[in-house]
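Subject: Structure handover

Hello,

Here is the structure I promised to pass on. Please open it next to this email and follow along.

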Amino acid sequence: MQHDDVIWSVINKGFCSFKVKTKSQKFCRNEYSLTGLCNRGSCPLANSQYATVREEKGVCYLYMKTIERAAFPARLWEKVKLSRNYEKALQQISENLMYWPYFIRQKCKQRFTKITQYLIRMRKLTLKRQKKLVPLSRKVEKREHRKEQKALVAAQVENAIEKELLERLKQGTYGDIYNISQTAFDKALEEEEVSSESEAEGEKEGEEEEELEMEEESEAEVEYVEDFEESDISDIEDGEQLAEESTDEEGGTEEAAGKGKGKWRPGMHRKRGRVEIEYEEEREPVKRQTVRLQQ
């Protein structure tokens, strides 16, 4: 048999694992405590008929204990899920605790209001942006830094080896048959295509630049000058007259030469052509100094 008064007398005067004493009052750390205070009316161990409200993952439940289930600890507490609507939840509490003491019914409603209020505050805080402080140990940071350095060195070595192998393959040191990964081969082909495209674009740009330069030079050759003055015109006319006179003289000499070249007759003396002799002296060593004649 369970005697509430005997249990309370032992807990109050003796030892209780859930009791916390302070200078002003006593507190109870039991999870089923209704008010959190250590007294006769709110002690979950010394009351065979007891009720409380608890929150589990954002949902409120009403827990009820009766003397009939005291012999079955696994089924000691009856659990009732409360509605998310505040008014409906209060109505459920009043219906389930209709014939219970007024103190327990009122304290359950107060506890339910406190839980709903802090759940609302939690939802508002989660919607806002919050700073999260993450602790970092120096050992982990140093270890990660070493790993990064080793990975960089390994990547550089792999890239150098890959470039050297590709150059050897291009030179044909390994012959026609060789074993190489398909990814590296595809990458090398893509690089060659990109380089060929860039060279073709560079050649096109060079041709366009040359054409532009040629056009600029042709434009630069054409110049626009003012009208000729009278003195320039007279100089041009004098030059034309001299040119005409020189052409007339050449024509007369040609006619005379044609007449002289007729048939030979007795009594006529042939004119001999003039022979001009030029002397050129070349300075040579004193022993071999000669004069050369050129006809």
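Predicted model: local features only at pLDDT ≥ 70, side-chain atom pairs only at ≥ 80, totals over all residues.

Residues are numbered from 1 along each chain as its sequence is written, and side-chain values use heavy atoms, with hydrogens and water left out.

**The core**

In soluble globular proteins, nonpolar side chains tend to be buried together. A nonpolar core here means buried Ala, Val, Leu, Ile, Met, Phe, Trp, Tyr and Cys residues joined through side-chain atoms within 4.5 Å. Buried is under 20% relative accessible area, exposed is over 50%, and partly exposed lies in between (1.4 Å probe, protein chains only). The largest core has 19 residues. Leu82, Cys108 and Phe112 have the most contacts inside it. Strands S3 (50-56) and S4 (59-65) and helices H2 (86-96) and H3 (102-127) each give two or more residues. H3 gives the largest share, 5 residues. Helices (H or I, at least four residues) and strands (E, at least two) are DSSP runs, numbered from the N terminus.

**Salt bridges**

How many salt bridges does a search of the whole structure find? There are 4. The cut-off is a side-chain nitrogen of Lys or Arg within 4 Å of a carboxyl oxygen of Asp or Glu.

- Asp5 and Arg40 meet at 3.0 Å, N to O. They sit 35 residues apart: Asp5 in helix H1 (residues 4-13), Arg40 in the loop between strand S2 (26-28) and S3. Asp5 counts as exposed because its relative accessibility is 55%. Arg40 is at 29%, so it counts as partly exposed.
- Glu56 pairs with Lys79, with the closest N and O atoms 3.3 Å apart. This pair links strand S3 to strand S5 (residues 77-81), 23 residues apart.
- Glu78 pairs with Arg69, with the closest N and O atoms 4.0 Å apart.

**Surface patches**

Patch residues have over 30% relative accessible area and no salt bridge; like charges are joined within 9 Å, nonpolar side chains (Val, Leu, Ile, Met, Phe, Trp, Tyr) within 5 Å.

Arg138, Lys139, Lys142, Arg143, Arg146, Lys147 and Lys150 form a positive patch. Arg143 lies in helix H4 (residues 138-171).

Val153, Val157, Ile161 and Leu165 make a nonpolar patch of about 330 Å². Val157 is also found in H4. Val157 is partly exposed, at 43%.

Best wishes

Conventions. Areas by Shrake-Rupley, 256 points an atom, 1.4 Å probe, with all protein chains shown as cover. Lys, Arg positive; Asp, Glu negative; His and termini not counted. Charge placed at Lys NZ, Arg CZ, Asp CG, Glu CD.
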